[in-house]
Amino acid sequence: MDHFAARSDEASRVSSAPWPGTVLLLGLSMLAAMLAIVVVLADAKPASAHFNGSPPSRASNGNIIVRCFSNNYCGTYDWSRGPWNNQPGTPSVVADTSTNPAASLWIAEDYYDSTVETVAYWSAGYDPDRIYNNNYWMKGAASTYKHVVSTHELGHSLGFAHASYMGEGDTYNYCRKAVMYPNTYSATQCDQVGYVMPHDQEDWVIAWGTT
Amino acid sequence: MISFRAKLVVAVVAVILVELVLIYSAVAPQPHESAVAQPSASGHDHQGPAVIETLHAFDVADEKQIVGFADNVFVGRVEEKVGNKPMKGVVRADANSPEGPPAFMPETQFSVEVLDNIKGSLQGTVTVSQVGGDVDFQDAPVKIENDPIMRAGETVLFATRYDEKAGHHQVVSPKFGDVRIEGAAERARVVETFEAAKENQVDLSPELAE
């Protein structure tokens, strides 16, 4: 073996020798890359369901029973059972015209407050769930507007929260995606009003439905 | 004997598998237990913390719309709590009514020292009412969309409408009508933001819905 060959052989052995940090460095670099991917994916805000953490009370047959005490909007809410009941799976939202004490949702008496921008409140935590309608905004509104409100509020009683935080600059989000969008002004700006829309349907399927 | 190259491949594959598991656990859809949890039977037997959602008449995150709807927009310092009563207009049924137990939406009133007027010209100390507050059936106060109940000493940007019957200035929107301010720099920034919004305020009324 000549001298140069010997040195070359030595270099080869050195370069291919199992350096203790090689695997560790490789692993760490991959870990960093993977973490970067996780950060990017986490920031991508994938479409997700929005639930309010208050599953509705239900009758023994699984239905949600609605009693209406409103002087003005019982017909409106009765109409809004339709879009939700057209979704696959259970439960059904059922109107109760008797005095069934097992009702799981009350459309409470209406109120009037011209000093707040709130169109309606939905509340849970004190059975049954209740909906309060503000006549200041609702009384003279078009039926389409009232239907948007009633469908939205019934959606809360099915367990759905607002579909989007406000201020994301997506004024027309409502038109395209969700009746659970939290303001009705957008609804007045829509060229086409929908009721239970794609985003709502995704949430429904996750929470209740089968396809 | 296993070669170094084979060991390296095994190590790399192992790292990849571990990372894939970590990534999956981080980004995979989580079950929505709140929605699919067993619903309560209809016995009207649960009285948990109140959950309240509000449907807004307009985009309350837009200062131009908030200022347009409000009679007064001002910065004030909360002095003390001066009242607590049910939300006006909501029927407070008696125990024997078919409407059941009383409505529980409370309002809380505070005396507030006016510091800066942005819209309107309030002077001295005024009474401001906020939806939310103490109720008798739970320890924690009812908060509307997690809007904290005001505390003495806080500096707040208020957007209010005057309620003649009640004699107080009503916060027009939870969170967006009572914006907490920390420090002089933030106060200056908030005032500047709402002054600018006032210049382009959007007139809002129920006619929008007609």
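Modeller: Let us begin with handedness: H3(A) and H5(A) cross in a right-handed sense. Please bear in mind that this is a predicted model.

Biologist: What angle and what distance describe the packing of helix H3 and helix H5 of chain A?

Modeller: In general, two packed helices are described by the angle between their axes together with the distance between those axes. Here helix H3 (residues 74-85) and helix H5 (residues 143-157) of chain A pack at about 65°, and their axes are 8 Å apart.

Biologist: Which residues of H3(A) meet H5(A)?

Modeller: From H3(A) come A:Thr76, A:Tyr77, A:Trp79, A:Ser80, A:Arg81, A:Pro83 and A:Trp84. Their partners in H5(A) include A:Lys146, A:His147, A:Val149 and A:Leu154. By class, the residues of this contact comprise six nonpolar, six polar and three charged.

Biologist: How many helices and strands does chain A contain, and in what pattern do they follow the sequence?

Modeller: Chain A has eight helices and five strands, in the order α-α-β-α-β-β-β-β-α-α-α-α-α. Among contacts in chain A with a separation of 6 or more, 65% are between residues 24 or more positions apart.

Biologist: Where is A:Thr115 found, and why does A:Thr115 count as buried?

Modeller: The criterion for a buried residue is a relative accessible area under 20%. A:Thr115 lies in the loop between strand S3 (105-107) and strand S4 (118-124) of chain A. A:Thr115 counts as buried because its relative accessible area is 4%. Its side chain is joined to that of A:Asp113 by a polar contact of 2.6 Å.

Biologist: Is A:Leu158 buried or exposed?

Modeller: A:Leu158 has a relative accessible area of 2%, so this residue is buried. A:Leu158 belongs to the loop between H5 and helix H6 (173-176) of chain A. Its C-alpha atom is separated by 16 Å from that of A:Asp96, 62 residues apart along the chain.

Biologist: Which backbone atom lies 2.7 Å from a polar atom of the side chain of A:Asp200?

Modeller: That atom is the backbone nitrogen of A:Val179. A:Asp200 is part of helix H8 (residues 198-207) of chain A, and A:Asp200 is buried, with a relative accessible area of 1%.

Key: Residues numbered from 1 in each chain as written. Chains lettered and ligands numbered in written order. Predicted model: local features only at pLDDT ≥ 70, side-chain atom pairs only at ≥ 80, totals over all residues. Heavy atoms only, no water. Axes fitted to C-alpha atoms, helices over the stretch in contact; angles between N-to-C directions. Helix = DSSP H or I, 4+ residues; strand = E, 2+ residues; numbered from the N terminus. Left-handed = near helix turned anticlockwise from the far one by under 90°. Contact = heavy atoms within 4.5 Å. Nonpolar A, V, L, I, M, F, W, Y, C, P; charged D, E, K, R; others polar. Buried < 20%, exposed > 50% of the residue type's maximum accessible area, 1.4 Å probe, protein only. Polar contact = N/O pair within 3.5 Å; in protein donor to acceptor, adjacent residues only side chain to side chain.
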